[in-house]
Amino acid sequence: MTRPISRRAALAGLGLAAASAGCLGRTENIAGRNPREQLTLEINATPADADPNGIRIARQLEEHLTAVGVDVRLNTVGQTDLWRKVLINQNFDLYVGQFVETEPFDPDALYGLTHSRFVAESGWQNPFGLTEMAVDDLLDRQRRATGRDRDDAVAALQETVCELQPFSVVAFPDALTAVQENRFDGWTADRQPLSVTGLLGLDPVAAGSGDGGAATNASTGGNETAADADADGAAGDAADSTGEALRLVTTDDRITENWNPIAAEYRKYGTFTGLLYDPLARADGDEVFPWLAADWERVDETTLDVSLRDARWHDGEPVTASDVAFTYEFLRDTSLGNVETPVPAPRFRGRSSLVEGARVRDDATVRLTVPDVNETVAARALRVPILPEHVWSERAHAATIAGFELDFETTEAVVSNNPDPVGSGPLRFAEATAGESVAFERNPDHFLVRSASEDDSDAVDEPADPRAGIPLRYHGKPAFDRLRIDVLPSDISAVETVAEGLADATVSNLGPESVPRIGRSADTRLVSGRSAAFYHVGYNVRRSPLSNPRFRAVIARLIDKAAVVDDAFDGYAQAATSPLAASPTEIPESVTWADGSDPIHPFFDDDGSLDVEAARAALRDIGYRFDDEGRLLSRGR
Amino acid sequence: MTPLLSVLASVLAWVGTLLAVASVAVIGPARLREGWGGVRGRIWDARRGVAVLCAVLVVSAVGRSSLQVVSELFGLQATALIYALEGGFVAWVQATFATPALTAYLSWVYVYGYAFLLAFPVVAYLALPRTTTLRRVLVAYALNYGIGLALYTAVFAHGPRNVMPDMVTPLLFTNRPDVMALTSEVNVNTNVFPSLHTSLAVTVGTFAVLTRDEYPRWTPVAVWLSLSVVVATMYLGIHWLTDVVAGFALAFGSVALAYRTVDPRAEGVEPSGEPGDESPPSEPNASD
């Protein structure tokens with residue numbers, strides 16, 4: 001009786017047992033109990049061709065989860081499918097992916113990522129389904145508090161998020177790119193080589209390295225003298241005449257078929273849509289400067305007046321205050337009230353949630369209602385792409401397929417590929433072949449290339465300069481007439497193409513197979529910058545047992561971040577604990593990666609490999625059980 | 001596009017050379033001269049097979065990208081299943097057998113040997129006086145491609161090099177990155193189940209065994225090459241063992257179906273190839 005009987009044997013004997021009179025009731029009591037089954041978890045990741053690093057993290061986790069008795073299904077899906085699954089359908093257990101912001105970001109980025117008010121929405125707003133009052137409170141506090149108080153709130157927020165692990169930060173990758181240096185330079189600037197600001201900061205080699213160097217020094221030093229401005233202007237004009245194309249190669253074909261800045265499943269960091277659409281303000285490191293906005297002014301606690309530069313959409317229409325007001329309303333509800341429940345944009349939600357109202361004051365001034373938040377966070381509200389009302393208001397209806405409205409709770413705006421995108425940015429769309437290539441061209445009408453002398457020969461004051469407030473390194477940019485992106489099958493072929501001089505730089509992630517190839521070609525160089533787009537393992541907190549923070553903590557401890565950095569990134573990454581590890585924020589010691597170990601959820605380390613017994617013991621401690629074959633048991637989900 | 005063109009040129013050069021050598025060595029100058037006679041008639045005779053194969057290839061070329069989308073959205077996501085089924089078999093193959101020489105040989109086989117393997121039977125069987133085998137080969141090719149395309153659409157999976165890059169090196173592409181320009185042109189990395197390299201190579205190998213009386217010298221060459229292709233698909237980290245097993249099944253199925261559908265009676269014995277030829281069954285190895 002005490003010997004455990006396998007379920008199959010028990011079932012076989014069931015008929016016999018039931019037939020024997022007297023113990024029918026007891027049989028029912030046993031048969032009526034659902035047996036425990038082995039826990040199954042699915043890990044979703046993109047294949048090595050799409051991202052050579054992420055799949056290696058997934059593989060390690062798969063091995064370690066298998067070792068502790070979980071039945072793991074390692075599933076590879078394309079990049080669009082991964083985000084469709086995770087962000088749109090929220091139909092996943094675990095995934096391995098990168099955060100969407102590659103430039104060091106303000107702690108307020110966590111608001112969109114983890115606040116429970118977004119739990120019913122789809123997109124990059126709380127994809128994990130976290131609902132924790134402690135997190136919500138701290139997120140709200142860091143929006144209001146200033147100075148030391150905000151630092152404290154941010155510190156507490158990091159500790160709480162790390163403790164709860166709605167996602168496990170694995171590592172901050174170095175943004176690696178293989179570049180051919182004979183046509184453009186400026187790749188080495190201490191920012192992301194392939195971000196909006198990185199691409200705009202490039203200089204043509206032909207313009208003479210002296211000018212470029214001086215301009216770079218001046219802008220990093222921050223002293224914008226007239227002499228430097230002239231030198232830079234000259235470089236910019238020289239760029240005009242060279243007519244060069246910047247040729248990039250990537251493994252990510254999404255930019256060849258979709259240019260919708262709010263389509264979460266098609267955007268990685270939104271770099272190229274970021275060049276098509278101008279935000280009101282841009283940030284570069286700590287510095288926030290006006291972009292499409294000429295300036296902004298805090299009128300009172302809750303009001304912000306934004307004045308616009310003179311700008312036109314790519315189709316020739318003027319950019320007006322009404323477009324700005326429209327954008328904020330639209331990001332909050334892409335249906336503009338046409339659908340019963342608001343359909344918020346799946347990107348920029350954290351930022352757009354800051355703006356409660358937008359009112360047109362005159363053609364070039366818009367008044368934003370930004371409730372009681374600190375300056376830093378308010379400036380974040382200005383960093384959403386401004387969309388043309390005359391294009392996007394047509395897309396506010398419910399999405400249809402062949403004229404049929406299906407109940408997908410989405411709008412045309414969210415699902416549109418946005419063909420022939422009309423933005424106001426420094427680049428405009430030229431042509432594309434889906435899956436193969438896309439080309440953008442310089443927008444000759446953009447304020448970056450309009451110089452003050454043309455408009456106003458007297459050059460009276462700051463306001464006359466159409467580029468006032470914009471750092472000198474962007475004046476006259478971009479340094480190329482065309483930006484062409486070709487899609488290649490893997491990181492290896494991307495590096496080879498650059499090495500052969502057929503392209504200027506790689507865009508997509510490089511793995512340990514391709515990085516060593518860069519050094520083999522004389523003209524090709526590896527450029528690296530620190531990326532804030534941390535790799536993480538995301539958990540679907542809506543699902544048991546991932547809803548249990550203690551269980552997530554054990555999974556976090558199965559990740560050997562130090563080994564990931566060595567093996568998956570070839571050392572080109574930094575292991576981390578806090579999602580803000582790359583941000584210009586104070587990281588409390590309690591969540592600082594130190595001495596090769598995670599301070600909160602250290603790896604179950606047994607001399608470089610997984611200490612299976614320790615992991616199992618930790619699972620037993622928090623109430624999980626194993627069968628006699630060592631399988632982790634769970635109730636059916 | 002330059003890498004693609006250079007790879008294409010080298011494929012053509014290899015296949016051309018090998019075809020010339022094999023034609024002389026396997027078919028023999030005498031038979032070649034003799035066979036040249038009614039070649040137009042025999043091509044006319046095999047027109048249906050040619051048409052079917054061309055149709056399948058055109059559909060595949062035109063429809064592949066849209067079928068790929070269908071596969072992404074509605075296909076069975078099988079990577080996890082296949083991986084759970086066979087685990088690290090391919091990694092074991094690489095870890096156990098990989099040497100630079102073998103990598104070079106199998107990379108060569110995967111691209112050039114394979115192209116030759118598919119091309120030669122068409123030439124060889126066209127040189128035969130009867131077109132039955134030629135037509136069967138063409139139909140078998142078409143079946144391989146057609147069924148393969150259907151399975152590619154129904155099953156969405158990535159190959160071992162994409163799933164366990166830490167253990168499986170993409171040997172073909174690390175060794176010959178230029179080849180990637182060609183492979184990505186003709187296929188995408190989610191079309192792994194079944195292995196069409198395996199199924200087409202095994203189809204040729206099977207035909208070589210079945211026609212060993214006609215071309216005894218071809219049989220060992222074809223079997224060796226086709227088995228090399230089979231091994232190469234896994235050794236190079238491109239296919240799972242599961243894909244290869246499915247490839248064998250597809251190959252045998254296609255050959256059997258080709259024998260069933262292509263009737264030896266309807267062949268044109270005369271060079272002129274009268275369409276209404278109703279000669280009595282005289283094929284000794286008709287295996288209906």
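**Exercise 1.** How many residues does the contact take from chain A and from chain B?

*Solution.* This is a predicted model, in which local features need pLDDT of at least 70, side-chain atom pairs count only at pLDDT 80 or more, and totals for chains, interfaces and linings use all residues. Residues are numbered from 1 along each chain as its sequence is written, and chains are lettered from A in the order in which they are written.

Step one: chain A gives 25 residues and chain B gives 22, where contact means C-beta atoms, placed from the backbone, within 7 Å. Step two: on the side of chain A that touches chain B, β3(A) has the largest share, 4 residues.

**Exercise 2.** Find out whether W593(A) is buried or exposed.

*Solution.* Start with the place: W593(A) sits in the loop between β23 (573–575) and β24 (605–606) of chain A; strands are DSSP runs of E, at least two residues, numbered from the N terminus. Now count: W593(A) is buried because 21 other C-beta atoms lie within 10 Å (buried needs 20 or more, with C-beta atoms placed from the backbone). Beyond neighbours within four places in sequence, W593(A) contacts A575(A), A576(A), T577(A) and D598(A).

**Exercise 3.** Work out the strand order of the open sheet of 4 strands in chain A.

*Solution.* The order reads β11-β12-β14-β13, with antiparallel pairing; strands pair if DSSP finds at least two bridges between them. At the edges, β11 (293–300) and β13 (357–362) of chain A each pair on one side only. Finally, β11(A) and β12 (303–308) of chain A share 6 bridges in the antiparallel sense, and A293(A) stands opposite L308(A) in β12(A).

Conventions. A residue is buried if 20 or more other C-beta atoms lie within 10 Å of its own, exposed if 12 or fewer, and partly exposed in between; C-beta atoms are placed from the backbone. Two residues are in contact if their C-beta atoms, placed from the backbone, lie within 7 Å.
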